[in-house]
Amino acid sequence: MIVYNSNGEKVTLDDEPISSGGEGAVYKIKSPSSYKDIYCVKVYYEKKRTEDRFRKIDFMAKNPPQTITRNGCKIGWPVDVIFLNKKDFAGFMMPLAFPDSKKLTVLTGLTLSKRLDASWQKFDRKSGRTALVARMKLMNNISIPIFLLHQTGMYVLQDFKPDNVLVTHNGLVTLCDMDSIQIVNNRQLLYPGTAVTLDYA
């Protein structure tokens, strides 16, 4: 798939998405090489490509938190608006999650998922103190990007849940689904959140 960034630069995406949800699908970038393995692109389904969504993504790209990528964490924040045919809004570019990331849900059950290899065993609740320390460090790493968002005074996480947190076995964290965030400026609601999961809201 061929898309274009806000400067009209051509961006070639993989044919198959790495994930998909109710609003769109996320693709890895093939070229240019300066974006490959650093960014990915969320392409909205056609019905979701509204003018209001374009304005919100454009606002987010122009008003990011002070830091969206650091050693232990990333925020899947829109860094640029993406277009089809250089003019039709399609989605946005964002930082690619850390390699081998998995949804936090792999650690939320009473037992460790059998799909996880030995590198994840330190999170097994049967490991006692080792698991407690590993999980506390992970919670600390999750709190850092949340702090970075709150520090802006503009962004409110409305759909924060384990599905929207990607983690690695060594505790690296990526927050995703940031386009569903609520945006407030000077106590004025600019853009409401577009998703909510009642049990987590």
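Visitor: Which residues lie nearest the centre of the largest pocket, and how many residues line that pocket?

Guide: First, some ground rules. This is a predicted model, where local features need pLDDT of at least 70, side-chain atom pairs count only at pLDDT 80 or more, and totals for chains, interfaces and linings use all residues. Residues are numbered from 1 along each chain as its sequence is written, and side-chain values use heavy atoms, with hydrogens and water left out. A pocket is an open set of points on a 1 Å grid over the protein atoms alone, where a 1.4 Å probe fits and protein lies on both sides within 12 Å along at least five of seven lines; lining residues have an atom within 4 Å of a point. Here, 38 residues line the largest pocket, and S19, V26, K103, L166 and C176 lie nearest its centre.

Visitor: What is the volume of the second largest pocket?

Guide: A volume is the space filled by probe spheres set on the grid points, which are joined across faces, edges and corners. The second largest pocket comes to about 190 Å³, while the largest pocket holds about 880 Å³.

Visitor: Which helix gives the largest share of the second pocket's lining?

Guide: Helices (H or I, at least four residues) and strands (E, at least two) are DSSP runs, numbered from the N terminus. Helix α2, residues 129-150, supplies four residues, the largest share of that lining. Among the lining residues are L104, R135, M139 and F160.

Visitor: What is the strand order in the open sheet of five strands?

Guide: Strands of a sheet pair through backbone hydrogen bonds, either parallel or antiparallel. Two strands count as paired if DSSP finds at least two bridges between them. The order here is β6-β7-β13-β12-β10, with mixed pairing. β6 (69-70) and β10 stand at the edges with a single partner strand each, so one side of each has no neighbour in the sheet. β6 pairs with β7 (residues 73-75) in the antiparallel sense over two bridges, and T69 has K74 in β7 as its bridge partner.

Visitor: How many aromatic pairs does a search of the whole structure find?

Guide: Rings of Phe, Tyr and Trp (its six-membered ring) pair if their centres lie within 6.5 Å; planes under 30 degrees apart are stacked, over 60 edge-to-face, and the rest tilted. The search finds eight pairs. One of them, Y44 with F89, is tilted, at 5.9 Å centre to centre and 45° between the planes. Y44 lies in strand β5 and F89 in strand β9, so this pair ties together parts that are 45 residues apart in sequence.
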